[in-house]
Amino acid sequence: MFLLHEYEIFWAFLIISSLIPILAFVISGILGPVSEGTEKFSSYESGIEPMGDAWVQFRIRYYMFALVFVVFDVETVFLYPWAMSFDVLGVSVFIEAFIFVLILIVGSVYAWRKGALEWY
C-alpha cells in the first residue's frame, strides 16, 4: 500500500519553495515604482552615457573559449572524489582515472589545435 503521509514533508517543502518566488514577484509588482519614459528604455552602464547601439555583436570565439573552459573545469571536478578515496580504491580505479585524465588531455590538445583557445 502506498502511504502518502510519509511524503508530507516533501509536499510541504515543494509548496513553500513554489510560493516564495511567486510571492516575491507579486509583492515587488505591487510595491515597486512604475515609471516609463525615454530614460527607462536607454541602456545604462556604470554612469557613462552609452555610445552607439546597445545591440553589439560579440565574436563567437569568446563564447567558445568560455565553453571549453567550463567543460574542462567541470570535468576536473570529477577527479576530487577519486583523489579523496585513492588509498581505499584499487589499481583498476587508478587506471580508469588515468584514462579519464588522458581523455581530458587529448580533448584540450584538440581544442588548442582547432584554435578554440585563441582569444583574439
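The stops below go from the whole chain to single residues.

**Before you start.** This is a predicted model, in which local features need pLDDT of at least 70, side-chain atom pairs count only at pLDDT 80 or more, and totals for chains, interfaces and linings use all residues. Residues are numbered from 1 along each chain as its sequence is written, and side-chain values use heavy atoms, with hydrogens and water left out.

**Stop 1: the whole chain.** The chain has four helices and zero strands, in the order α-α-α-α along the sequence. Helices (H or I, at least four residues) and strands (E, at least two) are DSSP runs, numbered from the N terminus.

Now colour by pLDDT, the predictor's confidence in each residue, from 0 to 100. The average over the chain is 81, and 82% of the residues score at least 70.

Switch to a surface. Of the 120 residues, 5% count as buried; buried means under 20% relative accessible area, exposed over 50%, and partly exposed in between (1.4 Å probe, protein chains only).

**Stop 2: the annotated spans.** Select residues 12-34, 62-83 and 89-112, which UniProt lists as "transmembrane region" in an unreviewed entry. Such annotations may be inferred rather than shown by experiment. Residues 12-34 are 87% helix and 0% strand, with end C-alpha atoms 34 Å apart. For residues 89-112 the figures are 92% helix, 0% strand and 33 Å.

**Stop 3: Phe10 and Trp11.** Select these two side chains and look at the rings. The structure holds two aromatic pairs. In this one the ring centres are 5.1 Å apart and the planes are at 70 degrees, so the pair is edge-to-face. Rings of Phe, Tyr and Trp (its six-membered ring) pair if their centres lie within 6.5 Å; planes under 30 degrees apart count as stacked, over 60 as edge-to-face and the rest as tilted. Phe10 is partly exposed, at 48% relative accessible area, and Trp11 is also partly exposed, at 45%.

**Stop 4: helix 4.** Select residues 91-114. The 24 residues of helix 4 should span 34 Å at 1.5 Å a residue, and the end C-alpha atoms are 35 Å apart, which agrees. The expected span is 1.5 Å times one less than the number of residues.

Which residues of helix 4 are buried? They are Ala97, Leu104 and Ala111. These buried residues pack against helix 2 (60-77) and helix 3 (79-84).

**Stop 5: Glu118.** Move on to Glu118, in the segment after helix 4. Glu118 is partly exposed, at 30% relative accessibility. Which residues does Glu118 touch, not counting those up to four places away in sequence? Show Arg61 and Trp112: both are in contact with Glu118, where contact means heavy atoms within 4.5 Å. Last, select Tyr62, which is 56 residues from Glu118 in sequence and 8.8 Å away in space, C-alpha to C-alpha.
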